[in-house]
Amino acid sequence: MKEISGQTNVLSMRFGSGSTKGIGKEIGKFVIVTMEIPWNLTKTVIGGTPEQVLFVDSVDQVFLDQKLLCLPECDTIVGIGGGLAVDAAKYFCWKRNLRLVTIPTVLSVNAFVTPATGIRINHEVKYIGVTSPNPLIIDYDILRTAPRGLNIAGIGDLLSIHTASFDWEYAESKGKSEYAFSDLAIKEAKSILIDICSMASEIRDVTNEGLLAIVEGYMKLNAICIPLDHFRVEEGSEHFLFYELEERLKRSFIHGHIIGLGIYLMSRLQDNQVENITEILNKTKLDYHPRDMGIERQDLVRSLKNLKSFVQNKPQLWFTIIDGSEISDEWIDYVLADLRF
Ligand SMILES: [Zn+2]
């Protein structure tokens, strides 16, 4: 791969089929933080003998702090799995100032490259700490054991550049941007989007190139967003619809799928190259239809009707197209017409 310049938050990396092999022999004393299925995929290839294999099923801070007390002395924490195992590993690394190795077994969330750790404090998600993987291991064969739809879900937080960057430009045009506006950040983010769109078939087929494109997209996004200290080029109205749905329905979603639905709907509210982005959503076979996620029509209608007052009651949410629009019953009928329930 080509070198990505800037603050990617990845200190070193190994990419390729079989790249997990033997890492355990190179990182001193180590502890594995994982779950059962990812550990079964990697335990025979990793090499070396871990001081402990710690299974986690929660990122609740009380649970993690209990585990931290029993953590043996070691040099390195190896996080193997999806977002939860990797976030737990990052938390231990940060607390103990240890080396971090991340081996994602699915690309559905980008926890394996982001600096902060998402943990739950009193049932609320909070992002704390700073860690960087050394190395990040992207083993295509291991990633392909995950359900295809979950790896494809990894593009949700990259395609969201389409609606989020529009929102930031829109806020700037109304004099409402919360941050110093950066044309360069928008331009660089859009080039990530163009790269991802050009790889749509590879991503749909979960090829090595497709998986690599997703990981590179995340790293480039870090290089834009970490210096700015915010993710406004990637987080906007499409995420805010998801927050409303999550709060209303009190359930979780596969992040990339619900963000895909947000992109579909908010690009229409923005009147923002609707056909192009819908074609990409379809071409990658991202599961963005409400039926894929078990969302009832009436629930989505309620969320859309409530969306403007929802964002206006949350001052921490940035100014977006939602603030500048009236969402009418007729518009809702119109935009839901082609979605599958
Ligand atoms: Zn997101």
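Predicted model: local features only at pLDDT ≥ 70, side-chain atom pairs only at ≥ 80, totals over all residues.
**Ser108.** I then looked up where Ser108 sits: the loop between strand S5 (99-104) and strand S6 (117-121).

Which residues does Ser108 touch, leaving out those up to four places away in sequence? My list has Gly82, then Leu150, Asn151, Ala153 and Gly154, and finally Ile254, His255 and Gly256. I also checked Leu98 against Ser108: they are 10 residues apart in sequence, and their C-alpha atoms are 25 Å apart in space.

**S2 and S3.** Next I turned to strand S2 (residues 30-34) and strand S3 (residues 52-55), which pair in the parallel sense over 4 bridges. I picked out Val31, whose bridge partner in S3 is Gln52.

**H8 and H10.** How do helix H8 (residues 183-198) and helix H10 (residues 208-228) cross? I noted that their axes come within 10 Å and cross at roughly 175°. Angles over 145 degrees count as roughly antiparallel, so H8 and H10 are roughly antiparallel to each other.

For the contact, I wrote down Ala185, Glu188, Ala189, Ile192, Asp195 and Ile196 from H8. On the H10 side I have Ala213, Gly217, Lys220, Leu221, Ile224 and Leu228. Sorting the residues of this contact of H8 with H10, I get 8 nonpolar, 1 polar and 3 charged.

Key
Residues numbered from 1 in each chain as written. Axes fitted to C-alpha atoms, helices over the stretch in contact; angles between N-to-C directions. Helix = DSSP H or I, 4+ residues; strand = E, 2+ residues; numbered from the N terminus. Parallel < 35°, antiparallel > 145°, perpendicular 65-115°, else oblique. Contact = placed C-beta atoms within 7 Å. Nonpolar A, V, L, I, M, F, W, Y, C, P; charged D, E, K, R; others polar. Pairing = 2+ DSSP bridges.
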